[in-house]
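Here's a quick briefing to read with the structure open beside you.

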Amino acid sequence: MNKIYKKPKYLAIFTLPTLIAYIIAFVVPFIMGLYLSFCKFKTIASAQFVGFSNYMTVFTDTRGFIRAFIFTVKIAVVGVVTTNIIAFIFALLLTRGLKGTNFYRTIFFMPNLIGGIILGYIWQLLLNGILIRLVGVDLTFKASYGYWGIIILYNWQKIGYLMIIYIAGIQNVPGDLIEAAKIDGATYMQTLKSIILPMVMSSITICTFLSLTDCFKMFDQNLALTAGAPRNQTTMLALDIFETYYNRVGFAGVGQAKAVIFTIIVFLIAMIQLRITSRKENN
Amino acid sequence: MKKSFISITLAAAMAATLATGAMTVSASDYTGTIRWLNYKPEVSDQMKEVAAAYTEETGINVEIETAASGTYEQTLTARMDSSDAPVIFVVDSVNMLNTWKDYISDLSGTELYSYCSDDAYTLNDGNGYIYGISYALEGWGIIVNKAITDAYFASPNKSTEYTSLDELYTFDALKAVVEDMTALKDELGIQGVFGSTSLKAGDDWRFQTHLMNQPLYWEWGGNENIDLNGKVPDFTFQYNQEYKNILDLYLNNSVTEPALVGTKTVDDSMAEFALGQCAMIQNGDWAWNTIANTDGKAVKDEDVCFIPISCGVEGEEAMGLNVGASQYMCINSQASEEDQAAAADFLAWLFSSDTGKQLVAQKLQFVTPFTTMADAEYTNPLFASENYISSLGKTAYCWAANLIPDQTWKDEMGADLLAYAQGQMEWDELVETVVDVWAEEEAITNEG
């Protein structure tokens with residue numbers, strides 16, 4: 001069997017369909033996008049090359065991209081930490097053989113199945129209802145309301161998903177290791193710190209990677225929950241790119257340039273994070 | 001005599017048959033689809049009825065796609081790049097025309113243009129190239145539920161001397177009446193005089209665009225001095241206090257508290273009006289469809305009328321509603337010749353055939369500039385009210401707001417108005433911000 005794959009003829013036959021699909025759906029649009037970021041255009045057919053001026057605009061407009069970037073970083077830092085910690089705690093609780101474990105796992109996972117737009121509108125109603133009752137204002141009143149709104153929404157949506165990954169990791173910890181630790185007199189905290197955590201390091205890598213890239217790419221939740229209100233102070237990167245591209249006449253090229261920068265940022269951050277956590281994994 | 005009459009009739013009938021025959025022949029050759037990217041969400045269902053009626057009569061497929069409120073240009077951008085780009089689309093201003101010029105074919109040779117009563121209702125280059133023809137002459141002001149104001153005027157408890165809507169053409173009069181009505185709101189059975197000031201992002205156009213018409217009109221020196229086909233003029237917000245006058249009146253005498261207006265949509269506000277929860281609302285004649293189709297509508301058709309917006313500028317008692325042509329139909333020059341021809345035939349049919357005219361007047365409720373539509377009968381009571389106000393000799397404001405540089409400015413203005421309503425922003429800071437943003441966007445728009 002092995003030999004068949006090694007023959008170039010077969011190799012081509014087996015990989016070609018995927019390769020073609022990949023080229024059509026990813027490589028070509030990416031290169032076109034890269035080219036368009038150096039152009040002024042309304043529709044793709046009418047693009048005119050303008051050099052780096054789009055990129056200059058991106059970095060000189062402090063109210064747009066840079067503000068959105070800072071806000072996104074703030075969301076990402078808090079969002080990644082809270083979702084991962086809470087998901088891990090849930091995973092620990094739901095691997096202890098408690099009654100109704102499967103039921104709870106299903107319940108916690110379910111929010112993840114609902115689309116971000118719908119979630120955004122539902123949470124907007126909920127949060128507005130609470131805020132109006134308690135403070136007498138709504139989500140658009142202060143940027144910090146929108147900020148915490150997004151964090152709460154994101155936690156609610158993603159915890160279940162990350163929890164499932166952590167549960168799989170924790171279940172892979174060999175029972176005899178934990179038993180041996182128990183016999184040696186280790187407390188639960190010691191077991192957690194010295195056995196479970198190192199053993200689930202690969203899950204942590206995956207989960208932090210997923211939540212980090214997720215936070216940076218967040219769009220629909222942001223659009224539905226705050227749409228940038230108040231005064232674009234809660235606009236995240238993806239929404240800012242969308243607004244620039246579609247809502248600002250003559251700024252499609254700038255939007256495209258923002259998207260290219262965005263891709264590079266997300267790529268770099270994800271790479272650095274993978275490097276760091278996988279180094280820990282190997283230790 | 002009689003004989004010749006018969007022969008003329010016969011000849012005419014024959015000519016008509018021939019003409020229709022010719023039309024059907026050319027029509028039946030066409031197998032494509034006429035795509036119309038509709039600008040007006042409030043008539044999206046009615047537009048589909050129009051499409052179905054045309055398909056039934058001619059067998060030609062018409063597809064209507066409607067862009068959500070406030071997203072027309074972004075939808076158009078996306079659709080123009082697709083292989084099934086719209087053949088008929090809408091341009092709402094000179095600024096938008098400049099962006100899309102390369103996609104617009106000349107309508108001067110079309111049948112539709114021959115129906116158009118005046119070039120003022122077209123977008124043109126001054127040399128006979130017709131980019132677009134308006135299909136909707138629209139007016140806006142403050143829509144009033146006369147039943148409630150009449151109840152107020154008849155009330156023994158009122159403390160103003162005003163007794164009719166005809167006296168409310170100055171801001172002082174309007175303010176006095178509105179504030180007194182607020183004091184008597186329980187007696188009048190309303191929750192507020194004005195419907196909610198809908199400042200939710202995307203629903204703020206009544207204020208960041210339409211209400212801006214007043215300060216822009218006065219700052220730029222009125223109908224004689226405003227060139228609607230020209231470049232974006234400078235803007236200092238000279239009449240910001242007057243704008244604030246009317247805005248504060250809306251906010252403080254409303255169904256909804258000022259701090260909560262960020263949750264309100266135009267639909268919410270229109271529902272309040274239709275259900276009789278408020279007496280007045282700033283909107284235009286296009287809102288009639290929404291009012292008429294509200295479940296549980298309490299306001300009677302004959303009670304719906306307009307009064308002009310006044311904000312305290314000297315001379316405004318001589319002014320009427322804001323009236324103008326907006327939304328010009330264009331035919332996509334990048335579409336195939338057959339598609340363009342089919343689209344032109346369809347538009348000619350829509351505004352001149354009996355079925356089409358019926359649909360335009362009764363369903364779409366467009367007041368059009370077409371001579372063929374002169375005998376159309378409308379059901380919208382706001383049109384009658386527009387005629388009444390101009391019969392009083394009041395001058396209509398032109399749509400100065402069409403010269404607002406772009407959506408970015410409007411969004412900034414809307415967001416700032418919300419912050420102001422919530423008490424998060426001082427008025428002076430708002431004025432300074434929007435004037436600065438105007439300067440930036442003006443440069444971008446005029447240069448492009």
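Chain A is built from 13 helices and 2 strands. Keep in mind that this is a predicted model, so each position comes with a confidence score.

**Chain A at a glance**
- Along the principal axes, the C-alpha atoms of chain A fill a box of roughly 70 × 70 × 30 Å.
- Of the 283 residues in chain A, 34% are buried.
- Take the contacts in chain A between residues at least 6 apart in sequence: 73% of them join residues at least 24 apart.

- The mean pLDDT of chain A is 89, with 98% of its residues at 70 or more.

**Where the two chains touch**
- Chain A brings 21 residues to the contact, and chain B brings 22.
- On the chain A side, helix H6 (116–134) and helix H12 (237–247) each supply at least two of the residues that touch chain B.
- Sorted by class, that side of chain A has 9 nonpolar, 8 polar and 4 charged residues.

- Nonpolar side chains tend to be buried together in soluble globular proteins.
- Here the largest nonpolar core has 112 residues, and Ile143(B), Cys278(B), Met280(B) and Phe306(B) have the most contacts inside it.
- Helix H17 (residues 407–421) of chain B gives the most to this core, with 8 residues.
- Leaving aside residues up to four places away in sequence, Cys278(B) touches a list of residues including Ile190(B), Val193(B), Phe194(B), Val255(B) and Phe273(B).
- Another core, of 55 residues, lies apart from the largest one; Leu107(B), Ile130(B), Met329(B) and Val367(B) are among its residues.

**Strands in chain B**
- Strand E1 (residues 33–38) and strand E2 (residues 61–66) of chain B run parallel, joined by 6 bridges, and Leu37(B) stands opposite Glu65(B) in E2(B).
- To get from E1(B) to E2(B), the chain crosses through helix H2 (residues 44–58) of chain B, making a right-handed β-α-β crossover.
- E3(B) pairs with strand E9 (residues 319–331) of chain B in the antiparallel sense, over 4 bridges, with Val91(B) opposite Tyr328(B) in E9(B).
- Side chains in a regular strand alternate between the two faces of the sheet.
- In E3(B), Ile88(B) and Val90(B) point one way while Phe89(B) and Val91(B) point the other, and all are buried.

**Loops worth a look**
- Most peptide bonds are trans, and most residues other than glycine have a negative phi.
- The bond from Ala229(A) to Pro230(A) is cis, with omega near -5°, and Pro230(A) sits in the loop between helix H11 (220–225) and H12 of chain A.
- Arg231(A) lies in that loop between H11 and H12 of chain A, and its phi is near 45°, a positive value.
- Is Arg231(A) buried or exposed? Arg231(A) has 21 other C-beta atoms within 10 Å, so it counts as buried.
- Phe237(B), in the loop between helix H10 (213–219) and helix H11 (240–252) of chain B, has a positive phi near 55°.
- Phe237(B) counts as partly exposed because it has 17 C-beta neighbours inside 10 Å.
- Ser82(B), in the loop between helix H3 (72–80) and strand E3 (88–91) of chain B, is exposed, with 9 other C-beta atoms within 10 Å.

Technical notes
Residues are numbered from 1 along each chain as its sequence is written. Chains are lettered from A and ligands numbered from 1 in the order in which they are written. This is a predicted model: local features need pLDDT of at least 70, side-chain atom pairs count only at pLDDT 80 or more; totals for chains, interfaces and linings use all residues. Two residues are in contact if their C-beta atoms, placed from the backbone, lie within 7 Å. Ala, Val, Leu, Ile, Met, Phe, Trp, Tyr, Cys and Pro count as nonpolar, Asp, Glu, Lys and Arg as charged, and the others, Gly among them, as polar. A residue is buried if 20 or more other C-beta atoms lie within 10 Å of its own, exposed if 12 or fewer, and partly exposed in between; C-beta atoms are placed from the backbone. A nonpolar core is a set of buried Ala, Val, Leu, Ile, Met, Phe, Trp, Tyr and Cys residues joined through C-beta atoms within 7 Å. pLDDT is the predictor's confidence in each residue, from 0 to 100. Two strands pair if DSSP finds at least two bridges between them. A crossover is right-handed if, with the strands pointing away from the viewer, the path from the first strand over the helix to the second runs clockwise.
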